[in-house]
Amino acid sequence: MPKKFRTSAAAFVTALLTLSPLIQLPAQAADANCPVVITSGGNQVSDADVDVYLSGIYCVAKFKTVGAYTFVVPETTGQVDYLVVGGGGGGASGGGGAGGVLQGTNYSVTPGVSVAVSVGAGGAGGSGGLQNSDAPGGKGDASSFDSITAAGGGGGAAANQASATAADGASGGGSRFDCTRNPCERWGSLGYAGKGIAGQGNNGGYGTYSDYGAAGGGGGAGGAGFNTTRRHIGGNGGIGVASSISGTETYYGGGGGGGINSNSSTYYGLDANGNLYSSNDPQTTGGGQGGIGGGGRGSSFGFSGGTTHPNFGVKANATAGEPNTGGGGGGVDPEDTGGKPGGSGVVIVRWLADASVKTVTFSSNFGTATTQTQRVGSNVPTALKPATFTRTGYTFVGWNTAANGSGTAYANLAEITTTNDVTLYAQWRTGVTHTVTFDANGGTGSMANQSSGTEATLNKNTFTRANYEFIGWNTAADGTGFAYADEGKYAFVAAATLYAQWQAVVVNYKATFYGNGATGGTTPTQLAPGQTALTLNGFTRTGYSFLGWSTNYSATTAQYLDGANYAFTSDVDLYAIWVVKANRDLVFNGNGATAGSTPTQTAMDNTQVNANGFTRDGFTFRHWNTAADGTGVSYQSNYVYSFAAGLTLYAVWGQNYSVTYHGNGAASGTVPTSQNSYVGSNGITAALNSGNLTKEGMRLIGWNTAADGTGTPVALGAANQKFTANTTLYAQWESAVYAVVYSGNGAVAGIEPSVATVPATSAQIVIADNSGGLTLDGHEFDGWNTEPDGTGTTYEPEQTAVVTNDTVLFASWKVASTGGGGNTNVEPSPSPSASTNTGGNPSTRAIVISGFAAGSDQLTTQMRQRIKVFLKKYPSYTKVKITGYTTGPTVLRADYGLSKRRALNTKSVMANYLGANQRVTKVMSRQDTGFGGHLRRIKIVLTN
């Protein structure tokens, strides 16, 4: 039976423990809140192997013992956070490299599905080499959770290991003693420092003294291993990476310290002032210190002799990497065998505990409301999932804690923090929704269409393309249209297809930073595909100032100042160059300033540079630079300078510019307000149609730097638009296509007519009839209206109408009745009788035709044509009834007379189109007081 933590009565738990002694509750006794099934080889596991406990609002499973496991995702869990740490490399002469560290949040999992987990072992310890069998440290084993795999650390290098890659791993192992270049200058052997894996760890350090220089520290997950800084003393291991996933901030993946190199048979160390001394005390720590995150300490014992000794290796005091941290093992003296193993890896998974979860319920908030839910942590800020409800004739405008919108409002995808279950009600406004279709444009995968009736954030791209990276969207497949960023704003004023834009993946090159004598701090490895400013120095060294970087660890001048550009066309190892502290000056040059001043600054310690005091007419200050033309190294005003050398810093200026907008033929509305920026800034966010510019038959689709659209296109609301001079953006128009959407407006059955599209060039549409049989209990369908409550413009079925924008037509309903609404001296329209037709056809055929001008009884040409088509379509129906209509708030004789004339004129027109067996049997007139406005129509009913 697999292990499963359950909520149960105490007596049942006691009985269960008695029957199954391997099932042990975690010390926190929190398993009742965290039911989960975990097995290993099909067998139950104990908390000696896996801790399961409650930490705040989370359940945590910590996989500790090396081996393979199966984790069954709890039934209520769809996402987990994870930390995966590979096993650390073993130490030899150099310190072992740390295991890889990978962590992430909101990793999607499927409830009830089994997920494979493995915890990697640390690599075995090796030997220093020379008089002993030459054995580099062993590589650590990988750890994994599902598809997330953290590699093991590289082993520390020994004297004559056979391969330069033996020390490679998630983080590289440190080089062996006295290895100052490749190959090592003594004995010509392969004592390379190992290379790390980008995103998991860093390179190992070097033994940079050729005589008793000891060995380099192993790389850490958070920084490179340290080089040696003096004779006899090993390099420190690189720092690890912090994580609080377990509930307590802990560092993982520290590199192992390098071993000492000495023949004095004594222990070496450094005093409080950094001076070397020897001792008989085994606790002396002259070996490289293990990196924070479980790295083992290098041995401080130096063995002498060079011959076999009965107590050979017994005095080595290196330490192993700590278990469950992925720390690298410590290295030893070259004549010793006591290299230590790396620490084992660990896998930690956490998920929201049921007791700590609150439920957000989303209500569609119309008709028979439908609901969806989302689980969120109590008092944890969480982004709401995207809205997916739709409502014909309405656009979604957000959520509210009250159905009527009087509560707390939340935008789509907004962040919510709640300590209670909460229901959010969709908020709607009448309008037309437009749809964006996403095209992979050479990529793979799928993305659902996105619909909105208001400005909204575009869905995040999920397409992929081998050897390419996604760089945004464009309305043209070739990128010549309007561009939108991933998750950028889109106005949704029209339907569009957005094409994924791809850029070939450029190879990333790596810069690895070495402290080179640093006594503190770290500078993480940097990856870039091309010329980029180097990561700012994070190392410190007591009594010294940082001058810059060099590819030569022993240089006295810097090839690259702090933050200088590096080409990133190849991997590079950069060593910190230090100079003794002394007062030095920073001189500030206005470089074209027209007023102001910035005083010279003198300091000997790390100090923030002075704020700019210069001004220049028509320009904005950007930053300081070591060259007047801006081609040197740039420093922002908040830069902290080491004062390792005197410098003159020049003000760099960006010319001010203004962006104005032009309606470009707009017939009404106002252009957006002008915007100001400067060259070198982040640019502007292009305006939307804030002033409601309109142009007959056209729709605003964006802006362009040329009126005829041949310049640079700028999308509505596009962010970070940069210009180099005053610029006018011209409105860009395209022929509009209006959408006419039909809404059932509460109908309980039937199908709404399909959405119709109308080119603005014609703008005419024949209004649909109730072809889908919409019904509402106790009511009769009576045409369409632009407002749900019938207070807008009324349209009759089959009426020819002109639309000037996107239009929603709501079904109009009136209470079912058997009588007319105010007929005068007119035969009432009879109710249809049961059909006597045995051929399966309906007993009647009817059509309503609108189009009379106000107050007119004359049929238009189009009305005549529709009558002709209707009669020819149904020649088997022989009896024809004609009703003329007007309507008003009260019964008026003038309206009655008009409706009668409309019916009689229709009879006259119809005489030209009647079939041989068809005849007009009734002519009637009606005035209906049920609706406002004049219904200028006639109704023709065919029967047998």
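How do the residues of the lining of the second largest pocket divide into nonpolar, polar and charged? There are 21 nonpolar, 21 polar and eight charged residues, where Ala, Val, Leu, Ile, Met, Phe, Trp, Tyr, Cys and Pro count as nonpolar, Asp, Glu, Lys and Arg as charged, and the others, Gly among them, as polar.

A word on the basis: this is a predicted model, in which local features need pLDDT of at least 70 and side-chain atom pairs pLDDT 80 or more, while totals for chains, interfaces and linings use all residues. Residues are numbered from 1 along each chain as its sequence is written, and side-chain values use heavy atoms, with hydrogens and water left out.

Back to the pocket (on a 1 Å grid over the protein atoms alone, an open set of points where a 1.4 Å probe fits, with protein on both sides within 12 Å along at least five of seven lines; lining residues have an atom within 4 Å of a point). Its volume, the space filled by probe spheres set on points joined across faces, edges and corners, is about 1200 Å³. Thr-433, His-434, Gln-450, Ser-451 and Ser-452 lie nearest the centre. Strand 21 (394-400) is one of the strands that supply at least two lining residues, and strand 21 gives the most, with five. Strands here are DSSP runs of E, at least two residues long, and helices are runs of H or I, at least four, both numbered from the N terminus.

Now for the rings. The structure holds 42 aromatic pairs (rings of Phe, Tyr and Trp, the last by its six-membered ring, with centres within 6.5 Å; planes under 30 degrees apart are stacked, over 60 edge-to-face, the rest tilted). Two of them are set out here.

| Pair | Centre to centre | Angle between planes | Arrangement |
|---|---|---|---|
| Phe-63 and Tyr-69 | 5.2 Å | 65 degrees | edge-to-face |
| Tyr-514 and Tyr-575 | 5.1 Å | 20 degrees | stacked |

Finally, one disulfide (cysteine sulfur atoms within 2.5 Å) turns up in the whole structure. The disulfide joins Cys-34 to Cys-59, with S to S 2.0 Å, and is left-handed at -90 degrees about the S-S bond. Cys-34 lies in the loop between helix 1 and strand 2 and Cys-59 in strand 5, so the pair ties together parts 25 residues apart in sequence.
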